[in-house]
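Hi there,

Here is the structure I promised to pass on to you. Please open it beside this email and follow along as you read.

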Amino acid sequence: MVTKKFRGSPEEADLTRADSLAREIFSDVANKWALLIIEALGEGTLRFGELRNEVEGISHKMLTQNVRMLERNGLVGRTVHPTVPPRVEYTLTEPGRALRETVHGMCDWTHRYLAHIESSRRRFDA
C-alpha cells in the first residue's frame, strides 16, 4: 500500500489539499464502520467476535478491513495470546482513546438531534 509521508510541512497537514497526509488519515477514520469500532472499543478490550457483536450489521470482511486500517494508523492495538486456538484482543491506543472522545461526542450529538433531523427529513420528503 502506498501512503503519503509526513515531512513536517503545513501542506501535508492541510485537509483541503487532495495530496495531504492529513486527508488520507481523515478518509481512513471518517467512515461509519471505523467510528462504530472506535466507539465500541472505548468501553474496553474486546475479542474479534465480541467486537462484531457490538457493531451490529458489520460483515466479517468489513470488520477485518477496518480493524487492520485502525491498527495500521496506530489507533487500535492487537494482542495475540499464545493459546490454541490463538486468542486475539483489540484495544484502543492512546491516540485511539483521544479520537474516541470526539467520536463519543458525535454519538451524543446524534442522540441529541435525532428527533430534529427526523422531523426535518419528514418535511423535506413531503
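Predicted model: local features only at pLDDT ≥ 70, side-chain atom pairs only at ≥ 80, totals over all residues.

Residues are numbered from 1 along each chain as its sequence is written, and side-chain values use heavy atoms, leaving out hydrogens and water.

The pLDDT is the predictor's confidence in each residue, from 0 to 100. For this protein the mean is 91, and 90% of the residues reach 70 or more. Among its elements, α1 has the lowest mean pLDDT (87), while strand β1 (residues 46-47) has the highest (98). Helices (H or I, at least four residues) and strands (E, at least two) are DSSP runs, numbered from the N terminus.

Which residues of α4 are buried? They are Leu-63, Thr-64, Asn-66, Val-67, Met-69 and Leu-70; buried means under 20% relative accessible area, exposed over 50%, and partly exposed in between (1.4 Å probe, protein chains only). These buried residues pack against α1 (21-29), α2, α3 (48-54), β2 (76-81) and β3 (87-92). Just after α4, Gly-74 takes a positive phi of about 75°.

Now look at how α2 meets α4. Their axes come within 10 Å and cross at roughly 75°, which makes α2 roughly perpendicular to α4 (65 to 115 degrees; under 35 is roughly parallel, over 145 roughly antiparallel, and the rest oblique). Axes are lines fitted to C-alpha atoms, for helices over the stretch in contact, and angles run from 0 to 180 degrees between N-to-C directions. On the α2 side, Trp-33, Ala-34, Ile-37 and Ile-38 meet Met-62, Leu-63, Asn-66, Val-67, Met-69 and Leu-70 of α4, contact meaning heavy atoms within 4.5 Å.

Helix α2 (residues 32-41) also packs with helix α5 (residues 94-125), at an angle of about 105° and with the axes 9 Å apart. So α2 is roughly perpendicular to α5.

Finally, find Arg-123 in helix α5. Arg-123 counts as exposed because its relative accessibility is 56%.

Enjoy exploring!
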